[in-house]
Amino acid sequence: MDLALAGHVALVTGASRGIGKGIASALAREGCKLVICARGEAALDEAAAALRESGAEVCTIVADVTEPAAAAHIVDAAVAAYGQLNVLVNNVGGNNRTPFPEQSDQEWDEVIAANLLSGVRLTRAAVPHLAAAGGGSVVFISSIWGRETGGSPVYVSTKAAAIGLASSLARELAPQNIRVNSVAPGSIRFPGGSWDRRVREDPDGMADFIAREIPGGRFGTVEEVADVVAFLASPRASWVNGACIPVDGCQSRSLI
């Protein structure tokens with residue numbers, strides 16, 4: 001299926017590795033012009049080089065999206081590079097596994113900034129440009145643990161908030177032809193990721209985890225998440241708005 005994304009400008013945060021990098025690759029295959037950002041310059045340049053080798057047009061921005069001033073800078077740079085903005089993927093996220101009674105306010109603030117406020121600020125900065133382009137798509141990368149209990153309290157709280165934010169924004173921005181959805185990945189394995197580390201450290205334990213928790217019988221892949229995001233970003237998903245799409249091999253148990 002042609003997703004009708006050729007020539008669209010897509011901004012993907014946290015795109016130097018993992019799911020964000022995969023999303024950028026999927027959008028590039030559909031003909032998007034890319035703006036990718038991350039904190040680490042070396043990894044970002046490596047990701048951009050791989051995308052360019054595949055024929056993609058890519059602009060890189062080294063930035064920490066948890067910094068309040070970063071959002072406007074990133075969006076302005078994207079528009080300056082290509083003259084418009086059609087797609088925003090809020091992919092940056094984080095976690096803190098300190099036991100809840102020991103977590104400080106600062107530790108909560110750091111995860112809130114990564115999982116929620118970065119998306120708030122970037123979307124707020126992007127809306128005028130999406131509207132000027134005649135509309136567009138915003139996708140928040142949440143988690144199945146934003147739909148039900150399963151992760152740490154700060155992770156569950158902030159990922160649930162991101163789903164709620166996306167749904168609420170969808171209703172507010174629909175008159176401007178701006179769609180807002182979220183994607184809830186389950187356990188996704190990729191090189192350098194936490195599940196990959198756990199498999200290498202405890203293969204038997206992870207095999208038990210899969211047998212117990214994932215009816216699909218394996219970890220998900222970055223590409224499986226990225227393909228869903230590309231569809232949601234595209235005009236082919238024109239009547240999908242305010243939705244949260246799990247990509248989890250039936251791992252989650254939520255009824256909604």
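Predicted model: local features only at pLDDT ≥ 70, side-chain atom pairs only at ≥ 80, totals over all residues.
Residues are numbered from 1 along each chain as its sequence is written, and side-chain values use heavy atoms, with hydrogens and water left out.

Let me begin with the open spaces. A word on terms: on a 1 Å grid over the protein atoms alone, a pocket is an open set of points with protein on both sides within 12 Å along at least five of seven lines, a cavity is a set of points where a 1.4 Å probe fits but cannot get out, and lining residues have an atom within 4 Å of a point. Grid points are joined across faces, edges and corners, and a volume is the space filled by probe spheres set on the points. When I say helix or strand, I mean DSSP runs numbered from the N terminus, with H or I over at least four residues for helices and E over at least two for strands.

The largest pocket holds about 1300 Å³ of space. Its lining is made up of 44 residues, and those that lie nearest its centre are Arg17, Gly93, Gly94, Asn95 and Tyr155. At least two lining residues come from each of helix 1 (18-29), strand 2 (33-38), helix 4, helix 5 (153-173) and helix 6. By class, this lining has 16 nonpolar, 21 polar and seven charged residues, where Ala, Val, Leu, Ile, Met, Phe, Trp, Tyr, Cys and Pro count as nonpolar, Asp, Glu, Lys and Arg as charged, and the others, Gly among them, as polar.

The second largest pocket has about 180 Å³ of space. It is lined by 14 residues, with Gly135, Gly136, Asn177, Arg179 and Pro235 the closest to its centre, and the lining divides into four nonpolar, nine polar and one charged.

Helix 4 gives the largest share of the lining, four residues.

Next, helix 6, which covers residues 194-201 and in which Trp195, Asp196 and Val199 are buried; here buried means under 20% relative accessible area, exposed means over 50%, and partly exposed is in between, with a 1.4 Å probe and protein chains only. These three sit on the same side of helix 6, because they cover an arc of only 100° around the axis, the arc being that of the directions from the helix axis to the C-beta atoms. On the other side of helix 6, Arg200 and Glu201 are exposed. The buried residues pack against helix 7 (203-213), and contact here means heavy atoms within 4.5 Å.

Asn91 lies in the loop between strand 4 (87-90) and helix 4 (105-132), and it counts as buried because its relative accessibility is 11%. A polar atom of the Asn91 side chain lies 3.1 Å from the backbone oxygen of Gly14. Setting aside residues up to four places away in sequence, Asn91 touches Thr13, Gly14, Ile19, Gly20, Ile23 and Ile141.

Asn86, in turn, is found in the loop between helix 3 (70-82) and strand 4, and with a relative accessible area of 8% it is buried. Its side chain has a polar atom 2.7 Å from the backbone nitrogen of Val9. Beyond four places in sequence, the contacts of Asn86 include Gly7, His8, Val9 and Leu130.

I will finish with backbone angles. Most residues other than glycine have a negative phi. Ala4, however, has a positive phi near 60°; this residue belongs to the segment before strand 1 (9-13) and is partly exposed at 34% relative accessible area. Cys250 also has a positive phi, of about 70°, although it is not a glycine, and Cys250 lies in the segment after strand 7 (244-247), where it counts as exposed because its relative accessibility is 53%.

Definitions and conventions
Polar contact = N/O pair within 3.5 Å; in protein donor to acceptor, adjacent residues only side chain to side chain.
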